Amino acid sequence: MDTITLGPGIAGPGFSGPATPGKALADDAAFEAYRVLYSGGTDVDRLAGPLRTEVVAHRMPRMLLFDRRLAGVSHARAPRRVARDGFDHVTLHLVLAGSMMLEVPGAVRRVEAGSMALFDLTQPQRTWTEGARIVTAAIARDRLDAATLDGLDLHGLVLGPREAGLVIDFARSLAAHAAALTPELAGAVTESLCLMLGATLASLRDNGAPLPPPLAAGRARARAVAFIEQNLGDRGLTSAAIAAGAGLSRSALYRLFEPAGGVARYVQQQRVARLRRTLSRADENRTIDELTSAAGFTSPGHAGRLFRDAFGLPPGEYRRSLRADAPASGIALIGAPRRGRVARPPVGLTAWHGELL
């Protein structure tokens, strides 16, 4: 199991000493390291007050686990970013200490210690905290039962111990023991967390607990997404073919994918994501041309332009960076960039998010 660690910064919620030029520079470096680490998935801004940015991240089968101690930062996924990155997973934020604020379309809520919040990464969101320890699980949507999620808008849903005590206790324990998990145990705990979360949501629905309004046409979109995934390598995958394969009219298909920038853009994003996943595999030895063709691109040049636009470097350089940077221990220590150097997202975390698509 792989791990990424961002060490503690100089400042934190308990800091009470006077501001100094040295401290200010250290704060700036700590924040920049954190911003760069998360730049592949969210826009991070610094708030007034003390700063703390400590992260330990673990990669598990189709799930990422983050244990963070944060203060003075906000995270935002605006509509433009949502449409651009094509993320389609679900996140669970468990607040262990302090509190976190969240904003989703139409609602602003506080998440107190001992409660958790759920987010749908296909929708805009913003979170911020003046001081909290937060355990986050980013879960690939296909790890959760489709029937449980169908018609349920869990975006911004806040659950406490009464509604989700078992999930909360399990996530807390998982964060405490994640570093010692074997690959076999990592797979088992991922499956267990997903089953508990799904059962919790199903129980809430069955008990008639108040939930946000349902998402329209959830099953129809799920059919279209499944057809696209199965036929992504087909260069002739057109909107007409997808509509026919999913049993939809073309106008209905267009409406379903309008929030993602259109069905053609969604297919393009999924092809880029598939290319990124295959490039991330240590045992994948096919050429770049072979991989771009297998992902359904019409030409390596077209694939290269889209890949560079998405991740800041061409496919070949991305693969070389992964293999050059992969430590034998499986642990990558991410620090602040040196002064005068242009920082780019750590390739490890970028590739990790690709595995959730």
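Reply: Glu103 stands opposite Val108 in strand 7. The model is a predicted one, in which local features need pLDDT of at least 70, side-chain atom pairs count only at pLDDT 80 or more, and totals for chains, interfaces and linings use all residues. Residues are numbered from 1 along each chain as its sequence is written, and side-chain values use heavy atoms, with hydrogens and water left out.

Me: What makes strand 6 and strand 7 a pair?

Reply: Two strands pair if DSSP finds at least two bridges between them, and six bridges join strand 6 (residues 90-104) to strand 7 (residues 107-112), the two running antiparallel. Strands here are DSSP runs of E with at least two residues, helices are runs of H or I with at least four, and both are numbered from the N terminus. In the hairpin that these strands form, with two residues between them, Gly106 takes a positive phi near 90 degrees.

Me: Why is Asp45 called partly exposed?

Reply: Buried means under 20% relative accessible area, exposed means over 50%, and partly exposed is what lies in between (1.4 Å probe, protein chains only); Asp45 has a relative accessibility of 45%, so it counts as partly exposed. Asp45 lies in strand 2 (residues 43-46), and, neighbours within four places in sequence aside, it is in contact (heavy atoms within 4.5 Å) with Phe31, Gly72, Val73 and Ser74.

Me: Why does Arg62 receive the term partly exposed, and what is noted about its phi?

Reply: With a relative accessible area of 24%, Arg62 is therefore partly exposed. Arg62, found in the loop between strand 3 (52-60) and strand 4 (63-71), has a positive phi of about 60 degrees although it is not a glycine. Most residues other than glycine have a negative phi.

Me: How do you know how helix 9 and helix 11 are oriented to each other?

Reply: Helix 9 (residues 263-279) and helix 11 (residues 300-311) pack at an angle of about 85 degrees, with their axes 10 Å apart. The axes are lines fitted to C-alpha atoms, for helices over the stretch in contact, and angles run from 0 to 180 degrees between N-to-C directions. Angles under 35 degrees count as roughly parallel, over 145 as roughly antiparallel, 65 to 115 as roughly perpendicular and the rest as oblique, and helix 9 and helix 11 are therefore roughly perpendicular to each other.
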